[in-house]
Amino acid sequence: MSGHGHGTAPATVKERADLALNDEFLRKAVKFTTERLRAGKKNAAEDHGNWDDWRERGRQIRLHTIANLDYYLNLFADNARANGVHVHFADTAAEAVKLSLDIARHAQAKTVVKSKSMVTEELHLNQALASIGVEAIETDLGEYIIQLANETPSHIIIPAIHKNRYQIADLLSKEAGETLEPDTQILAGFVRKKLREKFLEADIGMTGCNFAIAETGSMVLFENEGNARMVTTVPRTQITLMGMERIIPSWEDLEVMATLLPRSATGQKLTVYMSGITGPKRAADADGPEEMHIIIVDNGRSLQLGDPEFQELLNCIRCGACLNACPVYRHIGGHAYGGTYSGPIGAVLTPALKKNVAEWDDIANASSLCGACYEACPVKIPLHEMLIYLRRRKVEAGEGKLLEGLGMKGFAAAMKTSGRFKTVLKLGKLGQKLVARNGEIRLKAGPLKGWNSYRITPSLPKHSFRDKWKTLEEEIRHGLQELDPAAKARMEALVKEREQGGGGHEHG
Amino acid sequence: MKVSLFITCLSDALYPRVGEAIVRLLAKHGVKVDFPPVQTCCGQPAFNSGYWNEARKAAKTIIEAFEDSDFVISPSGSCTGMIHHYPKLFENDPLMHSRALDLQRKSYEFTQFLVNVLGVTDIGATFPYKVTYHPSCHGSRLLGVKDEPMALMSAVKGLEFVPLPFAEDCCGFGGTFAVKMADISGAMVTEKADHVKETEAQVLVGLDLACLMNIAGNLRYRGEPVRVMHLAELLYEGVTSA
């Protein structure tokens, strides 16, 4: 197993990826589930119809909200306070942790039950709670499994995606003190029974937040297991941690998000439970927390505000569709990304949340820039372009690799004129004489080591296209056919249209 | 009307027959292709790696090479896609930005030009083989080239088309990615080649030589006899053998 406990993962992306690539269980499990989710999403989007129009609507709502984030955050905070919620703002992870611990101490809490929250993962809140003697219990099934394994989630939506049911049965059997069959019903049944007791004992219920509705100061949770319902109704105190970008203006906007999120995440038309919570328990309410806190976390998010290349990153609704679509994620799983967030969104978000470029690792290079993430994204975040911007910023900050930098200077020099390009080709043909046999290069050394470990490289033919051009041009001049008048008219119209400033075809 | 070939370095250096096929096919349809010899590489390796100063040098050479052309045709969706990045590359240089936009507007991937501009779908080719198709990411996702190759293939006599499972998944090339993250790239191309094998196709066809070199390299490494071709090659062979 390549499970990553806290702080035990290797330092580089390549090393972490190699661990995953050599773990057949992990690769099979990740492939199986991402394929299922991807197909589910595709069907759900097709069934719904006009999917690209919905994506555009979602994008517009997110663009508008983030462009006016200060206004909507204030509106949300004012309304939530009017509902009796204690609203706190935390600039850093440390501040958010301190606020949470202070509330826990004040409530004299012994245990906290948690529903799924990536922000609390980002803050490493469970360990912080443990350090003051408070036990945090994850109640989402996947998170519960991950907690038992002492690992971190490897997927935004499916935390234990890298484990198969036999591995899960082993973990749960240990906890149960008896052998449990690797049957989903039996395993879920055991966890349900176990967690019931925990819900009743807990002093605090802790949640994340899918969407915060500015117009009423409400927080909305999407879930499938009902555990978030329990977390937000049974304990006396509720703490909700939310990224500062979780805001949407109105309940009407939620309709669009509720259309996009479950379909993109799991292919569901609706999530099983969607809870809107507007303040603590009122006099007439039968249940709900007596005290409710919302901690709004920045932790690097505001660095994107006003940055034309990265502001759209805050539009993310954390559906995980980009992970399921990503051909890299599918082979290396989430832990290889080395941060709380994995997949394409993680590869961009993890560095972007850190101001100091020197702290960025190599993760932005672990992408073939295929654009599947952008295509899958329900709010059309151009992650494939952001990955290039990250690489550029690293180079601009002087954090690029020395050898690569020299190589690229050489590349630019060679490509500046066709004369130099021809010289490079000539040198290549000379150089390959040592290694090419029958039009193939099989050498596994130097720059070809990695490439040729999986492939055979063709060698350069005797004549390049430009060598052949003169003869070719002569030949076609003789055999030229008549251009179809309709095609000619089309070409002329296109040229004219361009001259008038329009026309052509834009970037898709 | 000046229709110029943007050969791309891969076709120029390694696969001149693809450029040749394009030139000959277009001549059959009355288009005399021009080849400005001052062209070099589109600059994508530097651009994607974050070396934009270096990329700008290559981009400038390409922009100048095709300044007088009315249409610029290339055998690669990815290199044509790179031209679509030029305006961003020169966003702080109004003069170069507008020249970059001009080039973007007149640039076409080969099948885009053939089908959408010349209006040709049936090229009169015969190719009696079982063929599968890998839609390269940049061409299909960024340029939206999806229907054009399908229309061309479906008009080829004798061609038996077999869909490639998970066709839209990246082959793992990704430029310097294949070198920097060789093992991830290797896993991706191995899976792609597995899917090609599953189809039992005799020929794998595509629109981007980098991706085709990648997949062909893995198929050859494993001793698989699948023939790998650019669609222009297939069409030209189908026309001349007909």
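Predicted model: local features only at pLDDT ≥ 70, side-chain atom pairs only at ≥ 80, totals over all residues.
I began with a pair of helices from two chains: H21 (residues 465-479) of chain A and H2 (residues 16-28) of chain B pack at about 15 degrees, their axes 11 Å apart. Helices here are DSSP runs of H or I with at least four residues, and strands are runs of E with at least two, numbered from the N terminus. Axes are lines fitted to C-alpha atoms over the stretch in contact, with angles from 0 to 180 degrees between N-to-C directions. H21(A) is therefore roughly parallel to H2(B), a label for angles under 35 degrees.

I noted which residues make the contact: A:Phe465, A:Lys468, A:Leu472, A:Ile476 and A:Gly479 on H21(A), with B:Pro16, B:Gly19, B:Glu20, B:Val23, B:Arg24 and B:Ala27 on H2(B). Contact requires C-beta atoms, placed from the backbone, within 7 Å.

Residues are numbered from 1 along each chain as its sequence is written, while chains are lettered from A and ligands numbered from 1 in the order in which they are written.

I then turned to chain B, which has 13 helices and 8 strands. Its C-alpha atoms fill a box of roughly 50 × 45 × 25 Å along the principal axes. Of the contacts in chain B with a separation of 6 or more, 76% join residues 24 or more positions apart. Buried residues (20 or more other C-beta atoms within 10 Å of their own, C-beta atoms being placed from the backbone) form 63% of the 242 residues in chain B.

How values were computed
Buried ≥ 20, exposed ≤ 12 C-beta atoms within 10 Å, placed from the backbone. Contact = placed C-beta atoms within 7 Å. Parallel < 35°, antiparallel > 145°, perpendicular 65-115°, else oblique.
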